[in-house]
Amino acid sequence: MIRRILVFGFVALLTAPSAFAQSADSDTAAKARNARAESIDQMFQLAIRNAGQTKPAPVKEPFGDVVAIKRLLAMYLIAAQHDAMPTSAAGKLIDALLLRADKQLGATSPSTASTTIASKGLVPEILGVAVESGAINRDVKGSTFTFQITPMGVVKALQGKALLDIYADYSTSPAARFASRFAVSASFDTTRGTAGTFTAEGNQLSAWSLRAKLVDGRDPADYAQLWSELQAGDESKAFGKAADDAVAAFVQWTEFKDWHAGLTKKVEGIDKAYSTSKDLKKSSIAFRVALNEELPKLAELTRPASVKKALDDYVQAMTKVQTEIEAIYDFASKGQLLTAEWLTTRDETLPDLYTATAIYAVGLGKARKTDFTLNAVASFFRSKPQGVDHTFKTFDVNAQLDHPLGKVLNAKALLFTIAGRYSYLPNDTVAPGAGAGPSTPAAASPALKGHIGVLQVKFTLPVTGGVKIPLSITASNRTELIKEKDIRASFGLTFDLDSALAIVGIK
Amino acid sequence: MHRIQRHEYVGQPGELVRIATITQGGGRVRLTVDGQDIGNVRSFSLPNAPAPDRHLRIDLAGPLNASCGVGISTVDGGTDGDFLLCQAFNPLPSSDYTFKVASLASVAAFGALKGIAPRPAGKKVKKAPRKSTRARSKAKKGGR
C-alpha cells in the first residue's frame, strides 16, 4: 500500500547542457570541415569501389567514370560555396549532409574532453595507441576513463596498419555487420591505487561490460518500402530534374568543357595504366593527385548566370530530398531494439556486482512518435558480502512511455511521460556506494528486503536554449527511488514571470 | 551491340538488351526506359528499324553506402559494367545510357573496326544435339 503521500515539486533542469554541447560540438565539427576535401574523398572512394567491382561485370574505366559524373563536379562547386560561405543555403545543405553521414557511420567528433590525469605503464600506453589508431574510443568523465571497442574501429586500425586491404569497404560485409552488434567497454577509476595517475592496474578497473543487440530494427537498410516511396515521390523527381538541368548548364559552359576535357584526358591515362598494371594503389594515388590539382581550377572558373541558377536550384532540390531522407532515418531510429548487457561493477569494499540487463525499446504508433522502453535488471554479488547471507541482490523492472502532446499555446511541444518501476529485494543486502572510493565505509547501510514500486507521471516543457521544465508527480511505497525530494532540498529557482507568460503566448 | 563510348551503345534493329543489377546495403533500384518505369523487368528490345535513340536510366535510393552493380549485355561480346553508390554528396545516384540503332551492315562494320564479329540479332546459335545419359555413359565406357 502507498505509505507516503504523493511528492509534488517544480524542478528546473539544465538538461542537456551535455546534449546541447554535444550537438553544438557536432555542428561545429561539420562547419569546420573542408567540404571540398570531403568531396574529393568521396570521388576517390567511388573510384576505389568502381575498381573493386567484379559482378555483374567489371567497370572498364573506374577512374574516368567518376570524373564523367557531372553531379559530383556540381557538388564540388557547392562544397566550395560551403567553405566560402558556411551560412549560405549551400553551406547549410553540406553541413546537413555531413552530419547525417557522421551519424550513419557512427563517427564521433573528436573528443574535447581533455584530461590532466597523467598515465603510467604499458597498458595505458597500449590503450593510448589503440585510441589514436581508432581501434577503441575513449571517454573521460571526471576521474573515470571508459574505453569502448568498436568493430569498425578495429577494422580501420588494421587497415591503417596494412593488415587488412586498405581499399576494401568492410562496413557492408556480413561479418562486419554481425560484429557491429557487440560492444565491449571497460572503465578505470583513477582515484584508486596511485591516486591521480592512470595505470590501468587491476584495482583501477571499476567496471567492464559486454553489450549485444539481439534484435535490431533500426537499420535504415531494412526499410526498402520507404526508400522505394522516396524514389517514386515528387521531391525525388524534382531532384532528378534539377540534376539534369545542372548537367545541361555545364554542357553549355565553354570554360567548363575545356577544363573537363583536360581532366578527362589526364584520367584516361590513369585508367589505361591501371588496365594493364592492375596496381590499384599506384593508380589511386595518381587519381587523387589529379583531383587535387584540377578541381580547384574548376572552382576558379567564372560561372555564367545559367550555371549559378542551375546550382542554386540543385541545392534547393537536394535540400528537400535530404529532409525526406532524414525522415526515413528518424523513423528507422525508432524501430524495435532488444539489447542484452552484462555489467561487472568492481567496488573496493564489496564483492564484484554482476548485473544482467535486457532492454527493449520501440517507437509506437504509425509515425512512431510514442517511445516505449522496458528493461529488466537482475543483479547479484560474486560472493556473499560481509554480514549478508545471500548473493542475489535485486530484480528490477522499469517501463517508460513518452508521448508528445503537441504545442501548448505558443510553447514548444509538451512531452508526457509515464514511468513505472518495480524492484524486488529478496533479502536484506548492502548497496555499493555511488562513486565508491577509498572513503566508502567498509559496510554500507543495508537495503531492507521487500517490494518497491514507483510510479511517475511527468510533463516536460522544453524552453529555448536547451532548458526544459519538468513537472512531475511520483508515488512510491518506499522512498529510496524518489529523487525529487533530494533535488527540491538543494536547488533554488529564479522565475521570470514575463518570459514564462510569453512562452505560452500570454502578454 | 557495341560500345561507342561510356554509356553509349549501338545495336541492331530488334536486338535484346539485358540489364543485370546487384544491389547491396539496402539499395533500391529503379529502371526507366524512355521515361517508362520497367519495374522488375531486366531487358528490353531495340526498335525494329533504325529509329530515335532509346534511353535507359538507372536510379538508386538507399542509406549511405547502399550500392548497385550494373551489367549491360551483350556489349562487344561481353558485359559492360557500371556501379552506383549512395554517398553523402550524392544520395540518389543515377546513370543514363543511350542506345542507338543502326542497320545490320553498319553495326557489323563498326564491330569489325573494333575487331569484334557481330552476333545477328535474334538468331540462336545451333548447338549440337545432346546425347542421352545412356549414350554418354556408353561412350565413356568405350562403347561397351
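Let's begin with B:Asp76, which is partly exposed at a relative accessible area of 22%. Keep in mind that you're looking at a predicted model. The side chain of B:Asp76 meets that of B:Lys114 in a salt bridge, with 2.8 Å from N to O. This pair ties together distant parts of the chain: B:Asp76 sits in the loop between strand S8 (67–75) and S9 of chain B, while B:Lys114 is in helix H1 (residues 104–114) of chain B, 38 residues apart. B:Lys114 is partly exposed too, at 34%.

Now have a look at B:Asp80 and B:Arg3, another salt bridge, whose closest N and O atoms are 3.3 Å apart. Here strand S9 of chain B is linked to strand S1 of chain B, across 77 residues. B:Asp80 counts as buried, with 3% relative accessibility, and B:Arg3 counts as buried as well, with 13%.

Next, hop between chains. B:Arg6 and A:Asp65 form a salt bridge at 2.4 Å, N to O. B:Arg6 lies in the loop between strands S1 (2–5) and S2 (8–11) of chain B, and A:Asp65 lies in helix H3 of chain A, so this pair joins two chains. B:Arg6 is partly exposed at 27%, whereas A:Asp65 is buried at 8%. Both belong to a network of salt bridges that also includes A:Lys60, A:Glu61, B:Arg3 and B:Asp80.

B:Arg6 turns up again in the second largest pocket, where it is among the residues nearest the centre, along with A:Ala68, A:Ile69, B:His7 and B:Asp96. That pocket holds about 960 Å³ of space. Its lining has 12 nonpolar, 12 polar and 11 charged residues, and S10(B) gives the most, with 5 residues.

Terms used
Residues numbered from 1 in each chain as written. Chains lettered and ligands numbered in written order. Predicted model: local features only at pLDDT ≥ 70, side-chain atom pairs only at ≥ 80, totals over all residues. Heavy atoms only, no water. 1 Å grid on protein atoms, 1.4 Å probe; cavity = no way out; pocket = protein on both sides within 12 Å on 5 of 7 lines; lining within 4 Å. Points joined across faces, edges and corners; volume = space filled by probe spheres on them. Helix = DSSP H or I, 4+ residues; strand = E, 2+ residues; numbered from the N terminus. Nonpolar A, V, L, I, M, F, W, Y, C, P; charged D, E, K, R; others polar. Salt bridge = Lys/Arg side-chain N within 4 Å of Asp/Glu carboxyl O. Buried < 20%, exposed > 50% of the residue type's maximum accessible area, 1.4 Å probe, protein only.
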